Amino acid sequence: MSFTGKSFPSITVDAIDYLGDSLQINIFEKAVKEGKKVLLFWYPKDFTFVCPTELHAFQEAAAEFEKRNTILIGASCDTNEVHFAWLNTAKDNGGIEGVEYPILADTNRNLSSILGILDVQEVEHPEYGTLAQGSAVTYRATYLIDETGRVFHESVNDMPLGRNVKEYLRLIDAYAHVQKFGEVCPANWEEGKDAMNADRKGVADYLAKH
C-alpha cells in the first residue's frame, strides 16, 4: 500500500538516541506538533554492510536537513539495546559512532507491517499451518513527511542498493518551493532553476525556454 498523498500512520514506536535514552516516537505527531518535515529512513539490520554507510551519509548531511526544517530519523527492527551497541562501535570497525539522530526499534514490526516494507511472505505448511518465509527485516524504505503529517514522497530500495542522500535534499527543496510559490517542479529541478505554473500555458512557456 502506498502512503504518498496520505497521512503517515499514527503509531508510537520505541526508539533510542545516541546518549542511550529510550524514547517513544510517533512520527505523525512529531511532524505536526513540532511543525517540521520528517525524513524517516528504514534499513535492514544493525551491524551489517551497506547500512552503516547510509547512516553515516545521513549524519554528514544533518546540517543541510536542519536548514530545511527537517528531522532525521532512522529505523529498523533491531532492539534499542542492539542499536546502542552499534552506536558505540567505532566507524572504522563497522559501527555508527557519531550518528546523533534517533533510531526507531520496531521490534514488534507493527509500523513496518502497516507500511508493507518487510521482507516476509506467508506460506502454508502441511503440518503447522501458516508460517513466515523471508528475513522479516525491512527493505530500504524512505518517507518524506510534511508539517501536517502527510507523506509527499516514498521510495523502497532492495537491500543491496544504498540511497543517494542528495536526492532527498532535492525533493525537500522541490516540495518547499511548491508550498511557498504554488508552482510545480519539472524533471531534474534543483533549487534556483525555473519551476512552472500547473496549467497549459505554464508547461508551454517552460518547454519553449528549455
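Start by selecting helix 1, residues 27-34, in this predicted model. Helix 1 lies across strands 2, 3, 4, 5 (103-105) and 8 (140-145), and its direction runs at about 80 degrees to strand 2.

Seven strands make up an open, mixed sheet in the order 2-1-5-4-3-8-9. Its edges are strand 2 (22-26) and strand 9 (151-157), each pairing on one side only. From one strand to the next, the twist averages 30 degrees.

Now pick strand 3, residues 37-42. On one side, strand 3 pairs with strand 4 (residues 70-76) in the parallel sense, over six bridges. Strand 3 also pairs with strand 8, this time antiparallel and over four bridges.

Move on to strand 8 itself. Are its residues buried or exposed? Six of its six residues are buried. Side chains in a regular strand alternate between the two faces of the sheet. Here Arg-140, Thr-142 and Leu-144 are buried on one side, while Ala-141, Tyr-143 and Ile-145 are buried on the other.

From there, follow the chain into strand 9, which pairs with strand 8 in the antiparallel sense over six bridges. Ile-145 has Val-151 as its bridge partner in strand 9. The hairpin has five residues between the two strands, and Gly-149 takes a positive phi near 85 degrees.

Finish with helix 6, residues 165-181. Helix 6 packs on the sheet and touches strands 3, 4, 8 and 9; its direction makes about 160 degrees with that of strand 9.

Key. Residues are numbered from 1 along each chain as its sequence is written. This is a predicted model: local features need pLDDT of at least 70, side-chain atom pairs count only at pLDDT 80 or more; totals for chains, interfaces and linings use all residues. Side-chain values use heavy atoms; hydrogens and water are left out. Two strands pair if DSSP finds at least two bridges between them. Axes are lines fitted to C-alpha atoms, for helices over the stretch in contact, and angles run from 0 to 180 degrees between N-to-C directions. Contact means heavy atoms within 4.5 Å. Buried means under 20% relative accessible area, exposed over 50%, partly exposed in between (1.4 Å probe, protein chains only).
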